[in-house]
Amino acid sequence: MKTVFVTVGTTSFDELIESVTCPETVQALKARGYERLVLQVGRGSLLPAADRCPHVRLEAYRFKGSIAEDLKQADLVISHAGAGSCLEALCAGKSLLVVVNDKLMNNHQLEMARQLHMDSHLLYCTCSTLIETLRTMDLSVLQPFLPGQPKNFANFLDRALGVQ
């Protein structure tokens, strides 16, 4: 069953939860073959009931000890633009659509999403463009995100500083 996992991390982003569960968004997801929608809603005021989206299997929760299993089962991750959530999804090798909260002041999240998009690691949009993005997105253009190599960096520092 093709699954979409939506995460807002530890924050509150009710606008994303509302947008992703609206009938037009659910229809766009269904048109792409997604049948299951798992929502991690964080501190938001919304915790949608399973019957909110009658055309997909909907599960929603606030927090868990780890979202690793939800990421593993996901065919698509829709996330807020928090660095931790983005990196966790990218390091899990998942197709990632980041929804930037354009209501935030001094939005550094937009800068990160833009850069990762320019590097072809993710797609991004806002809540107001989510439906159109889902309808037109091409996930095949995304490139794997290669995690850092801390051991190589440590070896470089050892050589540069003459410590061996």
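Which residue's side chain does Thr126 join through a polar contact of 3.0 Å? The partner is Ser128: the side chains of Thr126 and Ser128 are joined at that distance. A polar contact is a pair of N or O atoms within 3.5 Å; within protein, one must be able to donate a hydrogen and the other to accept it, and residues adjacent in sequence count only if both atoms are side-chain atoms.

## About the model

This is a predicted model, in which local features need pLDDT of at least 70 and side-chain atom pairs count only at pLDDT 80 or more, while totals for chains, interfaces and linings use all residues. Residues are numbered from 1 along each chain as its sequence is written, and side-chain values use heavy atoms, leaving out hydrogens and water.

## The overall picture

The protein has seven helices and six strands. Here helices (H or I, at least four residues) and strands (E, at least two) are DSSP runs, numbered from the N terminus. Along the sequence they follow the pattern β-α-α-β-β-α-β-α-β-α-β-α-α. The C-alpha atoms fill a box of roughly 65 × 35 × 30 Å, taken along the principal axes.

Of the 164 residues, 43% are buried. Buried means under 20% relative accessible area, exposed over 50%, and partly exposed in between (1.4 Å probe, protein chains only).

## Around Thr126

Back to our opening residue: Thr126 is found in strand S6, which covers residues 123-126. Thr126 counts as buried because its relative accessibility is 19%. Leaving aside residues up to four places away in sequence, Thr126 touches Val99, Val100 and Asp102; contact means heavy atoms within 4.5 Å.

## Helix H1, largely enclosed

Helix H1 spans residues 14-21, and six of its eight residues are buried, so it is largely enclosed by the rest of the structure. The buried ones are Asp14, Leu16, Ile17, Ser19, Val20 and Thr21. Their cover includes strand S1 (3-7), helix H2 (23-31), strand S2 (36-40), strand S4 (76-79), strand S5 (96-100) and helix H6 (130-136).

In helix H5 (residues 108-118), the buried residues are Gln109, Ala113 and Leu116. They lie on the same side of H5 because they cover an arc of only 70° around the axis, judged by the directions from the helix axis to the C-beta atoms. An α-helix has 3.6 residues a turn, so residues three or four places apart point the same way.

On the other side of H5, His108, Glu111 and Met118 are exposed. The cover over the buried residues of H5 includes helix H4 (83-91), S5 and S6. After H5 comes Ser120, with a positive phi near 65°.
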